[in-house]
Amino acid sequence: MAQARLFTNFAGMSWWQHAPRCLFAALGDVTLSGLAWTCTALLFGWRWPFEGRLTSPALLWIAVGEVATIALERWALAAGRWTYAPHMPIVFGVGLSPLLQWVIVPVLTLALARRSDGRPEDVSVAR
């Protein structure tokens, strides 16, 4: 929803009007992330975020996401699904905001995943 002001489609809408659209977009982003992660996992193994060096797998994950984002953004713009506000910076024919999102969110996700080390917490239950 923080990006909404960069799109003309949300102009004049109340929070309640554009929240469902943002939720749908977020679900699409999660799906895209999962597909990009799966592509990476097929090449580097399912535990790639927790084992070994991150450079190659992380770059692949981000690259797959960026390519998919560029394709999706171009399709959505051509189909009239959304339009950018005049103050949206454009790179590679798409908005900078979606491109940056695909760098920032994966990097933060990997940092949190590495911090947790991928193992479940030892939860003891008193008996």
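Reader: Is Arg115 buried or exposed in this structure?
Author: In this predicted model, local features need a pLDDT of at least 70 and side-chain atom pairs count only at 80 or more, while totals for chains, interfaces and linings use all residues. Residues are numbered from 1 along each chain as its sequence is written, and side-chain values use heavy atoms, without hydrogens or water. Relative accessible area under 20% means buried, over 50% exposed, and in between partly exposed, with a 1.4 Å probe and protein chains only. Because Arg115 has 75% relative accessibility, Arg115 counts as exposed.

Reader: How far apart in space are Arg115 and Phe50, C-alpha to C-alpha?
Author: Arg115 is found in helix 3, a helix being a DSSP run of H or I with at least four residues, numbered from the N terminus. Although 65 residues separate Arg115 from Phe50 in sequence, their C-alpha distance in space is 9.0 Å.

Reader: How does Val103 count by relative accessibility?
Author: Val103, like Arg115, is found in helix 3. Because its relative accessibility is 35%, Val103 counts as partly exposed.

Reader: Which helix gives the most to the lining of the largest pocket?
Author: The lining holds 25 residues, and Arg21, Ala25, Ala26, Asp29 and Trp82 lie nearest the centre of the pocket. Helix 1 (15–44), helix 2 (55–79) and helix 3 (96–116) each supply at least two lining residues. With 8 residues, the one that gives the most is helix 1.

Methods:
On a 1 Å grid over the protein atoms alone, a cavity is a set of points where a 1.4 Å probe fits but cannot get out, and a pocket is an open set with protein on both sides within 12 Å along at least five of seven lines; lining residues have an atom within 4 Å of a point.
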